[in-house]
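User: Hello! I am new to this structure and would like to learn how to read it. Could you walk me through it, one feature at a time?

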2 protein chains.
Amino acid sequence: MQPIRFELIARDSKTKARRGRLITPHGTVETPVFMPVGTQATVKALKPEDVKEIGAQIILGNTYHLFLRPGHEIVKRAGGLHKFMNWDGAILTDSGGFQVFSLGDINKITENGVEFRSHIDGSKQLLTPEKSMEIQNALGSDIIMAFDECVPYGADRSYVEKSLAMTTRWLKRCKAAHTENDKRALFGIMQGGMDISLRRESANQIVELDLPGYSIGGLSVGEPKEVMLDVLDEAVDFLPTEKPRYLMGVGSPDMLLEGMARGIDMFDCVLPTREARHGRAMTSAGPVNVRNAKYTDDFSALDAECDCYTCRNYSKAYLRHLIKAEEILGATLLSIHNLRFLVRLMEGARQAIESETFEHYKNGFLNTYYGKP
Amino acid sequence: MQPIRFELIARDSKTKARRGRLITPHGTVETPVFMPVGTQATVKALKPEDVKEIGAQIILGNTYHLFLRPGHEIVKRAGGLHKFMNWDGAILTDSGGFQVFSLGDINKITENGVEFRSHIDGSKQLLTPEKSMEIQNALGSDIIMAFDECVPYGADRSYVEKSLAMTTRWLKRCKAAHTENDKRALFGIMQGGMDISLRRESANQIVELDLPGYSIGGLSVGEPKEVMLDVLDEAVDFLPTEKPRYLMGVGSPDMLLEGMARGIDMFDCVLPTREARHGRAMTSAGPVNVRNAKYTDDFSALDAECDCYTCRNYSKAYLRHLIKAEEILGATLLSIHNLRFLVRLMEGARQAIESETFEHYKNGFLNTYYGKP
C-alpha cells in the first residue's frame, strides 16, 4: 500500500494541463503545485506559520545540505524533519544528487556512487543510492527522490546514454534500499539530456519499476528555454498519465505556466526566496526591484492585487528602506510576497484548468507579466 | 495638556523600586519597562506581530538612523513611523545625539549643534536641537528625547561642567522648537559625568523646565559597573518622584534589576537582539550559547520556564543548527526568546514591587542567572 495517492480531477482540453490532488501522510496537496524550498530545514527567512499562511501545502528539503549539517541522524533523533523544523505539512526531499554535482567538489563518480568533498568543511563524503535512501528515510519525508546523475548541458550522447543507464541501476538500488514504503513514496527520475530517444529510453526503464511518481531531471541545466520546452513536451508523454509528474528546479512564472501546459504537476525552485533577499519581487504588474529610487516615496502596496501579509501591511517605500538598510525583515516580507505570488499563480491555474480556460489564463498572465512582444 | 500621563501605582519599601503606568497616545505602558530597540524602523529580524506577542508595549526608534535613511520627510509622508513600520504600540525616539557621537565622523561640536559625516555615505550633516525636534516630530513618536551631548567616560571635570550647561541650553531650544506638545512628550536628559555635584547641577537645571519625563544620560559609557551604580543611586534622587525616569542604553539583566532597585522606570538596549543574532540566549538557567557542541543533540527547549514562541516550538538542537547554518530564522527565533526573557523579567519585577518582594526577586534572579559568588 502506497503512502501517497494521486487523483486526477480535471484536464484542460486545449493543452496537456491537468488538475490533481496528492494525498500524503501530512495532508493533501492540490496540483499543479509550486513547492517552496527549505534547503536547510527552514524556508529562508520564514517561520512555518508564514509558509502555511502563504498557502503552501508541501515544501522541499535538501538531502545534501541536511546530510552534511546537522546530519540526518540528528534530525531522526529529533523526531524527523517535520518535528525538527515545526512543519506539519508535506515534505519532499531531493536525493542529494543534484547538489553533489553543483555544490560539492567531486572526486569520483563510480558505479557505487559519488565521492565528494563537503562545501562546508572540505571533509570527504560518499553518497550512494543506499545512502541517499538511508538519509531520506531518516529525515522522514513524505516523498523521497531517487539518487541520480544529473548530466550537464552539452554532454555528448554516449556519456548521456551510459549515465542514464547507471541512473536506472541506481534507481533499482534505491527501490531495494527504501525500506519504509508504507511511510514515504519513492519517485524515479528520468534523465537522457536533450535527446528525445534517450529520454524515451530512460522513461521506459524507470516506468517499468512502477513507482508512485516520476520526475523529469536534467532540464533547466543551462539549455535555451526553447530546447527545454521541446524536450519537456515530448518527454512528458513517456510517463504514465495516472502518476504525478515533477519538474525539478523550475520556478520562473513563465516556465511554471509552460510546464503546466505540458502536463507537469509539481515544481520547486529557490527563485522566489532568493530574489526576495535581493529586493526583487514578482507582481501582477510584472517584476519590481524595490531598490529602485522611484519607490523612495511610493507608499502604495507592492502589488495592488495581492492578498499577502506584506501587501496588506507595508508600502514599497518601507520595503525599499528595509532592503537598502539590509534589514532582515526585508528578506522576510519579500519572501512572503514572492512565494504567495507563485502560490496564487498556481491557484489561478488550477481554477483555469477546471474551467478549461487554462490557455487564456496562461497567455493573459504572460502578456501582463512580461509585456506583449 | 500633556499627551502622556504617568501614574505611580506602588512602591517597594526596601528599595527605591516603583511600579507605574505610562499612558501614551498609543496605549498604556506598564512600568518598569524594557523597550526593544527598532533602530531602522524595524526591531531586527522581527515582524511587529512578533514584538506584540512578546508583550512589548513600547519600542525605541533611532533618530540618527532614520534621519539619514530613509529620511524623516519620507517617514512623515508615509504617515509617521507607526504607520510606516506597521507598529501601533507606543514609540520613543532618541535624539540622535548619542549616535552622532558613537557612529558619526564628527567634524565640529559648537553651541549651534554637531557637524558630522554620515556613516552610510560620508555626506556632511548637521544636527541641532531644532533639527532633532523637527525630525522627531516628523517621525511622530509618542516620547521624544532632548538633543544632548553625551560626554565620554574619563572627560575632565571642566569639560563635563561646560558640556552639561550646553546640554541645558540645548534643552531649552528643544522645548521652544517642539511644536507638537499635544501629540508627543519631550523628555529632558541629565548629564554630569560621574561627578555627583555636576549631576545635581544638571538635574536642577532641567527639572526647572517641568518636562513630562527625564532621562539619565552619560552612564554605561565605559565606566565600571560599581561607579555607574553609585552615580545612579544618587542621581535618581535629583529627579522628581512623579515623573518617569529613563536610563538609556541599559539592558543586561543585572543592570535592569539594579536600575529598578534605584527607581528607574524605563530602559532600552540592543543587547537582547544583538546577542540573539550571534546565537547567545538569556535563559532562566543562565546564559546559553546555542553554538556550543553540547546542544547538537539537545532536543529540549531553550528555556524550560519560558512561554515564548521559540521555546514552545523548537529545540536547542534546531536553534544551534540554524545559527551554525547562518539561517535568518535563527536570528528571528533567538530574538523572540531574548526579548521575551527581558519582558518576563520586567513582568516579574512589577509583580514583586506590588507585593513588596522586589529585593527577594532581584537577589533570587541574580543568584540563579549569574551563579552564586
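**Reading salt bridges, a helix and an interface**

Analyst: Let's begin with a network of salt bridges, which links Lys16(A), Asp233(A), Asp237(A), Glu258(A), Arg262(A) and Lys362(A). Here a salt bridge is a side-chain nitrogen of Lys or Arg within 4 Å of a carboxyl oxygen of Asp or Glu. Please keep in mind that this is a predicted model, where local features need pLDDT of at least 70, side-chain atom pairs count only at pLDDT 80 or more, and totals for chains, interfaces and linings use all residues. Residues are numbered from 1 along each chain as its sequence is written, chains are lettered from A and ligands numbered from 1 in the order in which they are written, and side-chain values use heavy atoms, with hydrogens and water left out.

User: What is the general idea behind such pairs, and how many salt bridges are there over all chains?

Analyst: Side chains of opposite charge can pair when their charged atoms come close. Over all chains, the count is 58 salt bridges. One of them joins Arg262(A) to Glu258(A), with the closest N and O atoms 2.8 Å apart.

User: Are Arg262(A) and Glu258(A) buried or exposed?

Analyst: Both Arg262(A) and Glu258(A) are buried. Buried means under 20% relative accessible area, exposed means over 50%, and partly exposed lies in between (1.4 Å probe, protein chains only). In chain B, Glu30(B) pairs with Arg21(B) at 3.2 Å between the closest N and O atoms. Glu30(B) is buried, at 16% relative accessible area, while Arg21(B) is partly exposed at 28%. Another salt bridge joins Arg280(B) and Glu275(B), at 3.0 Å from N to O. Arg280(B) is partly exposed at 32%, and Glu275(B) is partly exposed at 23%.

User: How should I read a helix, and what covers the buried residues of α10(B)?

Analyst: An α-helix has 3.6 residues a turn, so residues three or four places apart point the same way. Helices (H or I, at least four residues) and strands (E, at least two) are DSSP runs, numbered from the N terminus. In α10 of chain B, residues 253-261, nine of nine residues are buried; among them are Met255(B), Leu256(B) and Leu257(B). Their cover includes β4 (33-36), α9 (225-235) and α14 (328-354) of chain B. After α10(B) comes Gly263(B), with a positive phi near 95 degrees.

User: Now the interface: how many residues of chain A and chain B are in contact?

Analyst: Contact means heavy atoms within 4.5 Å, and 38 residues of chain A are in contact with 37 of chain B. The two chains bury about 3300 Å² between them, 59% of it on carbon and sulfur atoms. Buried area is the accessible area (1.4 Å probe) that two parts lose on being put together, summed over both. Six salt bridges run between chain A and chain B, and Lys47(B) forms a salt bridge with Asp50(A), its closest N and O atoms being 2.4 Å apart.
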